[in-house]
Amino acid sequence: MRHKEKRVSIKNEIDIVEAVFESKTLAETAGFSLTAQCAVSTAVSELARNIFKYAVKGVIILRIIEKDGNIGMEVVAEDNGPGIENLNLVMKGNYSTGGSLGLGISGVKRLMDEFSIDTKKRQGLRIITRKWA
Amino acid sequence: MLLHKTTMYITRECLVVPIQAELPDDALLQIQIDILEKVNASSVRGVVIDFSGVNILDSFLGRMVSDTTKMTQLLGAETVVTGLNPGIVASFIDLGVDLNARIAFNLDQGINLLTPEEDFVPDIEEEGDEEENSCDSEDYNEEESLKDDYEESTTNYEPPTTNYEL
């Protein structure tokens, strides 16, 4: 079963707002509760902001997924930026090289149900997260 | 280029800042500057940032609020955050964001928190002061005559309306 997919390329700050809006709309179509919609959109906001801040440009892919009769949402964030050097530190939270709170990526992991990250130094970043309705 | 103009207003010695939609970062930073300038210029008791028009608060906005709170505190005003929805609150816990601000359910309660109603005496206070200070009979008479004028004018005014109705 083919579901809708939305790609939002992140180049400007305003694209972050667009990605958040699209994720909210898609989560609503997927039948997510208000709280879950908020969690997904917040996660998208963090991921999009990360792309803009560290890699300058990248893409956010949003799609509705289905597994064993469960509806969920998958959010993929891809960029060709500098990647993450100290992944363990970043995942613990409170660590940031960009002058922010350092809550973003570790926060996304807590906001979503499934989380996987693929990074190599200077070869970009690919984060796949899912949340089930 | 999108223009985001947030209309701030002062009521009961509080600066009310309604955030109406998800805004880009530069707009939020501009709002932060505007808040500080307004607080400094108008010496309000506190700031109420109302998020009832916002669906999502991420860690950036959380940090902006937390910073603004600290900054306004240094200027001598307190910040209250109002109108957070359940989704935002749940996400905050996951993100580990601490707003550092006092929270109220809605705008009304937020203003009450900063300016309790029994504390706040609106412009009527000035009238009371005048009466207390001016024991002069002259002033008093003047007021009396003003009152008479008012009564006259109202009585003069009434007949036409009744005529009109008939």
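Is A:Arg126 buried, partly exposed or exposed, and what is its relative accessibility? With a relative accessibility of 34%, A:Arg126 counts as partly exposed, where buried means under 20% relative accessible area, exposed over 50%, and partly exposed in between (1.4 Å probe, protein chains only).

This is a predicted model, in which local features need pLDDT of at least 70 and side-chain atom pairs count only at pLDDT 80 or more, while totals for chains, interfaces and linings use all residues. Residues are numbered from 1 along each chain as its sequence is written, chains are lettered from A in the order in which they are written, and side-chain values use heavy atoms, with hydrogens and water left out.

**Chain A**

Chain A has four helices and five strands, taken as DSSP runs numbered from the N terminus (helices H or I, at least four residues; strands E, at least two). Along the sequence their pattern is β-α-α-β-β-α-α-β-β. Of the 133 residues in chain A, 49% are buried.

**Salt bridges**

The whole structure holds 11 salt bridges over all chains, each being a side-chain nitrogen of Lys or Arg within 4 Å of a carboxyl oxygen of Asp or Glu. The table gives four of them.

| Side chains | Distance, N to O |
|---|---|
| A:Arg130 and A:Glu74 | 2.7 Å |
| A:Arg126 and A:Glu78 | 2.0 Å |
| A:Glu114 and A:Arg130 | 2.8 Å |
| A:Arg49 and B:Asp25 | 2.4 Å |

A:Arg130 and A:Glu74 meet in a salt bridge. Because A:Arg130 lies in strand β5 (residues 125-132) and A:Glu74 in strand β3 (residues 70-79) of chain A, this pair ties together parts that are 56 residues apart in sequence. A:Glu74 is buried, at 7% relative accessible area, whereas A:Arg130 is partly exposed at 27%.

A:Arg126 and A:Glu78 also form a salt bridge. A:Arg126 is in strand β5 and A:Glu78 in strand β3 of chain A, so the pair ties together parts 48 residues apart in sequence. A network of salt bridges links A:Glu5, A:Arg63, A:Glu74, A:Glu114 and A:Arg130.

**The interface**

Chain A contributes 21 residues to the contact and chain B 23 residues, with contact meaning heavy atoms within 4.5 Å. Two salt bridges are counted between chain A and chain B. The elements of chain A that give two or more residues to the side touching chain B are α1 (13-29), α2 (34-55) and α4 (104-111). Of these, α2(A) gives the most, with eight residues.
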